[in-house]
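Hi,

Here is the structure I promised to pass on to you. Have a look at it first, and then read on for what turned up in it.

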Amino acid sequence: MGKLKLAMVAAMSLTNGIGKDGGLPWRLKGEMAYFRSVTSHVAEDEKREGARNAVIMGRKTWASIPPRFRPLAGRVNIVISRTSSAKDLGIDPESKDVHLFASVEQALAHLAAPQSGIHRVFVLGGAQLYRNMMSLDSNVATVDQLLVTRILAPQYECDAFFPEFRTAQQYKSELDHANAIAGAGQVGSEQPASTLTRQEWTQASPESLREYLGSACPAALADSKDMVTNEGETWYQYQLWEKTG
Ligand SMILES: NC(=O)c1ccc[n+]([C@@H]2O[C@H](COP(=O)([O-])OP(=O)(O)OC[C@H]3O[C@@H](n4cnc5c(N)ncnc54)[C@H](OP(=O)(O)O)[C@@H]3O)[C@@H](O)[C@H]2O)c1
């Protein structure tokens, strides 16, 4: 059997900002609905066999979800914490919907088991877990897709970041695109802390993203040429990045 393939899911600013003061820097209802539908979507034939997707998150991201919304419905929730007990985190140890593991390796071994009934596996963050998973060196799993919601404008202040996965040229082309959408001067020219010298990730076409999403693609974007949309003043783009080579 091949390795378990993982997709990371994150909404991030142009410089990969993902969080502020333990929460999200923005409030985007449409983006939340997209997140829910992408991470819950199971292909029809697998659905008949009762398969569900799994979502893996760090302890602080679990804690940031209001108790009435967790575990995230319709998905197997996996929480990683070295230090907290299920009781500390309000997790029922008997639940089939949420499991606590003390390490990423234990969680992946659980998900890779042949009878796990899992369709797709998504890594939901936050910053610490994304960092760990970006440098994952495992015999059982590999991260090969990034489902990014790129916040193009305005520039939100952030204090938590997704690891940089672009070259300087890939960053520049995103900056140029954001300027074209939002109007020159609206986006700023802040540089990411570090960019890669060799390309490791390639942005897939909008058609490939739509194919991946299937019926989870928002109806309004079914024919979109660039998967860009907005909620009020906030402009953003749904992206799929794939591991190069
Ligand atoms: N924009 C987005 O898409 C998005 C998505 C998710 C989160 N966020 C934001 O990200 C921020 C939170 O990120 P964060 O880095 O502070 O927290 P986090 O990654 O959610 O949680 C960190 C905690 O998870 C546990 N953990 C992480 N990696 C582990 C490993 N390899 N082994 C064992 N335990 C591990 C540890 O828990 P213990 O300390 O209990 O051992 C660690 O303290 C918030 O601002 C949140 O809103 C944004």
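Below are my notes, going from the whole protein down to single residues.

Please keep in mind that this is a predicted model.

**The overall picture**

The protein is built from 7 helices and 11 strands. Its radius of gyration is 18 Å, close to the 18 Å that the globule rule gives for 245 residues, so the protein is as compact as a globular protein of that length. Along the principal axes, the C-alpha atoms fill a box of roughly 55 × 40 × 35 Å.

Of the 245 residues, 46% are buried. If you take the contacts between residues at least 6 apart in sequence, 70% of them join residues at least 24 apart. The exposed surface comes to about 12900 Å², and carbon and sulfur atoms supply 49% of that area.

On charge, there are 26 positive and 27 negative side chains. The centres of these two sets lie 4 Å apart.

**Cysteines**

How many disulfides does the structure hold? The count is 0. Cys 158 counts as buried because its relative accessibility is 15%, under the 20% cut-off. Cys 217 is buried too, with a relative accessible area of 14%.

**Backbone features to check**

As background, most residues other than glycine have a negative phi, and most peptide bonds are trans. A few places in this model depart from that pattern, and here they are.

- Gly 125 and Gly 126 are joined by a cis peptide bond, with omega at about 5°. Gly 126 sits in the loop between β6 (118-125) and α5 (127-134).
- Ala 153 to Pro 154 is a cis peptide bond as well, and its omega is near 0°. You will find Pro 154 in the loop that runs between β7 (141-153) and β8 (160-161).
- Asn 16 is not a glycine, yet its phi is positive, near 70°. This residue belongs to the loop between β1 (4-12) and β2 (17-19), and it is buried, with a relative accessible area of 1%.
- Met 227 also has a positive phi without being a glycine, at about 60°. Its loop lies between α7 and β10, and Met 227 is buried, with a relative accessible area of 0%.

Asp 226 is in the loop between α7 (206-213) and β10 (228-231). Is Asp 226 buried or exposed? Its relative accessible area is 18%, so Asp 226 is buried, the cut-off being under 20%. Leaving aside neighbours within four places in sequence, Asp 226 is in contact with His 177, Ile 181, Pro 206 and Gln 237.

Glu 49 lies in the loop between α2 (44-48) and β3 (52-58). With a relative accessible area of 70%, Glu 49 is exposed, because that value is over 50%. Leu 89 is 40 residues away from Glu 49 along the chain, and the C-alpha atoms of these two residues are separated by 31 Å.

Best wishes

Note on methods. Residues are numbered from 1 along each chain as its sequence is written. This is a predicted model: local features need pLDDT of at least 70, side-chain atom pairs count only at pLDDT 80 or more; totals for chains, interfaces and linings use all residues. Side-chain values use heavy atoms; hydrogens and water are left out. A disulfide is a pair of cysteine sulfur atoms within 2.5 Å. Buried means under 20% relative accessible area, exposed over 50%, partly exposed in between (1.4 Å probe, protein chains only). Helices (H or I, at least four residues) and strands (E, at least two) are DSSP runs, numbered from the N terminus. The radius of gyration is taken over C-alpha atoms; the globule rule is 2.2 Å times the number of residues to the power 0.38. Contact means heavy atoms within 4.5 Å. Accessible areas come from the Shrake-Rupley method with a 1.4 Å probe; for residues, only the protein chains shown count as cover. Lys and Arg count as positive and Asp and Glu as negative; His and the chain ends are not counted. The place of a charge is taken as NZ of Lys, CZ of Arg, CG of Asp or CD of Glu.
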